[in-house]
Amino acid sequence: MPHFLYVIFSKSKTKYYLGETHDITERLQRHNNHTYNNSFTKIADDWEVTLTFECVNKTDALYLEAFIKRMKSKVFIEKIIQNPQILTDILSKK
């Protein structure tokens, strides 16, 4: 089953959040409805999807999520949004 890495953005907080899922529509709705009580995304209710990247499996999606979060860089996230090919390159070198 395909899995997706996704990046969402809140205009009101000017923050990005990234995660992985098999259903982006449902996940976005859950973030905006504050379904995840202890989640970072509870700070806003205007999250919008800025990037989806299809992975062949959950393992790859989790790998990319962890890789990007380790970077702790808004600039890096913005580079990925502008050029998703970076994600393919990261996966090819794992």
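**Notes on core and rings**

1. Phe76 is buried, with a relative accessible area of 15%, whereas Phe67 is partly exposed at 22%; buried means under 20% relative accessible area, exposed over 50% and partly exposed in between, with a 1.4 Å probe and protein chains only. This is a predicted model, in which local features need pLDDT of at least 70 and side-chain atom pairs count only at pLDDT 80 or more, while totals for chains, interfaces and linings use all residues. Residues are numbered from 1 along each chain as its sequence is written, and side-chain values use heavy atoms, with hydrogens and water left out.

2. A search of the whole structure finds 5 aromatic pairs, where rings of Phe, Tyr and Trp (its six-membered ring) pair if their centres lie within 6.5 Å, and planes under 30 degrees apart count as stacked, over 60 as edge-to-face and the rest as tilted. The rings of Phe9 and Tyr16 have centres 4.7 Å apart and planes at 45°, so this pair is tilted, and both residues are buried. For Phe67 and Phe76 the centres are 6.3 Å apart and the planes at 50°, so that pair is tilted.

3. Tyr17, Phe40 and Trp47 form one aromatic cluster.
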